[in-house]
Amino acid sequence: MSDNGDAPDSSVHQPPPPASPAPPPPPVATPPQPPAPSSNQTNGDTEHEDNALAGPSNGPGTQEAENTQTGQDPADTDADADADAGDNVNDLLDIDDDGVEQFDPATLANLAALSRIAQDEGLDEGEGQVEDAELLEVPTEGLSRDQVRELVENLRAGARERRGDETDKGEGGVEKSREDGQARRDQGAEDSRLDDRENGTADREDVSDGEVDDEVNEDEDGERDEPGDEDYKEGKYFYEKGKLKRRRNRTVLVQDDAPVNYELGLRVQALEALIRGGSNMDADTASAAAMETVLHATKAAGLGNVDAGNALAQLTNASLGLGGGMSQGEQNSLLMDVLQQLSAASMAKSGDRESGDAAWEEMRDLWSSVPEAPAETTTTITEAFDADTFPQKLNLGLPGFREDTGRIFIPPTVRYVEKKLRNENILAEEALPIQGYESFLDHGTRFAYGGDTPAYKKHLISSIQTSSITGALRLAATFLARFPETATNRAVYVPTPMTDEDEMVLREAGLDVRDMRFLDLKTGGVDWEGLREDLQSATPKSVVLLHISGTMPTGAELNASQWRLLSTILQERQLIPLCVMAFQGLSSGDVNRDAQPLRFMVHEGLPLVLAQSFDAMMGIYSDSPAIVSIPLQSAEAKVRVDSQLRAIARGFHLHPSPWGAHVVHSILSDAKLYPAWLNEIKAMSDRLRSVREKLFEVLANKLKTPGTWFHFKRASGMYCTTLLPPAQVEALTTKRHIHLLPDGSFSLGCLNAAKIDVLCRAIDHVVREGIREAEEAQAQSIAMELALAAAREAAAREEAEAAERAAREAEEAARVEEERARLEDAELMEMSIANAIEAQQRAEEEERMQEQERQEMGEAIRKAAERAEIARRAEEILASIGAGGL
């Protein structure tokens, strides 16, 4: 439509392509337009467009906005909306003029519920979800007019809430009120459109991303409806092909992830025609229901739901047959089939969601089982320092040289180069390759190995750029874990003590970390005998971690003769040195002297790997470039090692940072800046030496702190150790507010004159306090020993007395026993005598009784003899008498 209100442009309404079994999709993914209107529909369509230009379609958002603009009470608007809902219910219950029965309210309610198939797939949890029972509830009997009215009002309220939520995310409640008012103002236009639909001239509008665009037209009075500033802000007007068009306010039906294509448009057209053919539902409501239903059914079909796919296939076929004169009964039957298919799809989806709830909840809570990692050492120290409220606290765990304000000291040459590079706009250049900045690698390896080293002169040093000394250590350790190949994890021997982070880096790279003795806890130097014994027993082809120019975090350093002996041991045991050089030049003040151990091992042919950084010497900790380099014996080997280093680095970065590499290269390659920087390195080294000497002077001479402090002067590099026992190290933190690294180590770069005095007095205090506590403990120990001796003596005395008592008791017991035995013997003797007497008496009594019996028997015999004699004499007398008588 042109700006002067001419007839609509032909590009706005175009007929769809001719129906065919498999219509190809159009070039632009937009739904097809409805068929061109017939001659008796043209006037109605034109009038409909004119009415539509007067304002957006009716909706709750526009009514409220109109109320706001005109001062109308929102309650009146709600009453009007209720009236509209009642009209819609009446329409749903009507029968058309031909006597064909319309869809009952239960079918239409079912359609509205089914339009939310797969809706919760696009919603967040707890937002816009509807219970399955509510969505799938289909009345089996006809509803009363009041029930249908209530159902439609609920549906309209749900749609109003969803549209309100979308509006609140943008302009808040203002836009919603403005749309309500606009809809109220255009109620006449809506009535006109209803009249057109009764005459068979219903308008079919474009649906593409939920918007319909109309050109700006003149109003009924012939005056242009010029857009205001608010209209532009609200997105009501836009330009297309040089023409100012007005955006119709319709509910956005097409979701962001909806597949908008030709087939989708056919399905929406088909379902809209079926709905409107079976009811008096207005065009907007039918179009919205059709679009929402097809979109969610498409989603369900995309998730593998067969019923939803069948329903969509039926709609596709119906889109080809609706224009062929399907009867109203056939259309009703087809719509019922589609509804049944979508209902089955909705119920199947509900079951799938219930079965997947447990798995989804488990996935939602997947990361809750991740344990908390141990805190990084410097982070722990910094957090403890920040939480310390003591005003004179010290944090001696910070890296690098520090100014009095606590900021990192950057040498003047580095500041000059940094300012110069800012003007060169390095960041606008092409990204560095994986191996890094070639000039930086060349000058960095020359700085480490020396320009006269054969490996450097013959270009046989393989190198790659990394970020920070930790990144270099990780890349080097990964290379050593892979090459040369071994059946098991390669062992790496690390000096003790060592930082936990470096051990973690080596372990994460795939190396088997093992300890080797290095620090002598009595002298603060190197435990050479322990180190040599551990290396002599090391497995061949193992890795040995060595710090050159200052060991971190103890500061213990091998002397020249020990380095030569160590090289011999490494050769004999076939060990691989992994060298770390982060403080070159800061130990002695001479960069070449500090690099001598490295260059000597290269000269001896040891297969070493070097991790090298520049942040401590140049103060570029914010962009710390580092180099991993490997001296080789042939160009062929260099090509292969280069490829492996690049392959490993590709797992860490696509290209390293250019800024720090350019800073280092600019200094190392400049004939004027390089000597000036060497002088600054010498000054920084002198400062470190001065700090160490000051520590020794204050502790040994000024405070006369008990103990030996010569290891402060003997230390090398940026770090040093106090050699204090763990209890005194803890006392430095808890009582004196001096925050150190583990094992009592600290960075010398954090100290100045004032802080040296604070540190020394704190050390003196804890040492003396420790001695006092040790003396008290010793006195307590002596008292305890005396008490124990007295207790032991008392115990011995008690034992002797007990033994004596026991002896006496034993003697008394023996005496008693003897007396008892004597008494028993006497008693036995008496009893024996008594028994003997009794036996004798018994024998005498028996003898007496026997004698008596003998006497009695003799007397009886005598008497019997006398009686026999008497009897004989009597017989004789009788005989004589008898004989005499005769």
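## Basis of the model

Contact here means that heavy atoms lie within 4.5 Å. The structure is a predicted model, in which local features need pLDDT of at least 70, side-chain atom pairs count only at pLDDT 80 or more, and totals for chains, interfaces and linings use all residues. Residues are numbered from 1 along each chain as its sequence is written, and side-chain values use heavy atoms, with hydrogens and water left out.

## Nonpolar cores

In soluble globular proteins, nonpolar side chains tend to be buried together. A nonpolar core is a set of buried Ala, Val, Leu, Ile, Met, Phe, Trp, Tyr and Cys residues joined through side-chain atoms within 4.5 Å. Buried means under 20% relative accessible area, exposed means over 50%, and partly exposed covers the range in between (1.4 Å probe, protein chains only). The largest nonpolar core has 64 residues, and those that touch the most other members are Leu396, Leu586, Phe614, Met618, Leu695, Phe746 and Leu751. Among the elements that give two or more residues to this core are helix H15 (412-424), helix H26 (659-669), helix H27 (673-702), strand E12 (719-721) and helix H30 (753-885). Helix H27 gives the most, with 10 residues. Helices (H or I, at least four residues) and strands (E, at least two) are DSSP runs, numbered from the N terminus.

Neighbours within four places in sequence aside, Phe746 is in contact with Leu396, Leu695, Phe712, Met718, Tyr719, Cys720, Thr721, Thr722, Leu740, Leu741, Leu751 and Leu759. Another core, of 34 residues, lies apart from the largest one and includes Ala448, Ile569, Leu570 and Val602.

## A nonpolar surface patch

Trp360, Met363, Leu366, Trp367 and Val370 make a nonpolar surface patch of about 610 Å². Patches are made of residues with over 30% relative accessible area and no salt bridge, with like charges joined within 9 Å and nonpolar side chains (Val, Leu, Ile, Met, Phe, Trp, Tyr) within 5 Å. Accessible areas come from the Shrake-Rupley method with a 1.4 Å probe; for residues, only the protein chains shown count as cover. One of the patch residues, Trp360, lies in helix H13 (residues 328-364).

## Salt bridges

Side chains of opposite charge can pair when their charged atoms come close. The whole structure holds 28 salt bridges, each a side-chain nitrogen of Lys or Arg within 4 Å of a carboxyl oxygen of Asp or Glu. In one of them, Asp757 and Arg761 meet at 3.1 Å, N to O. These two residues are 4 residues apart in helix H30, so about one helical turn separates them. Asp757 is partly exposed at 25% relative accessibility, and Arg761 is partly exposed at 39%.

Helix H30 also holds Arg854 and Glu851, 3 residues apart, whose closest N and O atoms are 2.0 Å apart in a salt bridge. Arg862 and Glu866 form a salt bridge as well (2.3 Å, N to O), and they lie 4 residues apart in helix H30, about one turn of the helix. Elsewhere, salt bridges that share partners join Arg517, Glu533 and Asp534 into one network.

## The surroundings of Ser588

Ser588 lies in the loop between strand E9 (576-581) and helix H22 (591-594), and Ser588 is buried, with a relative accessible area of 17%. The side chain of Ser588 reaches the backbone nitrogen of Asp590 at 3.2 Å. It also makes a polar contact with the side chain of Asp594, at 2.6 Å. A polar contact is a pair of N or O atoms within 3.5 Å; within protein, one must be able to donate a hydrogen and the other to accept it, and residues adjacent in sequence count only if both atoms are side-chain atoms. Not counting residues up to four places away in sequence, Ser588 touches Arg593, Asp594, Ser685 and Arg689.
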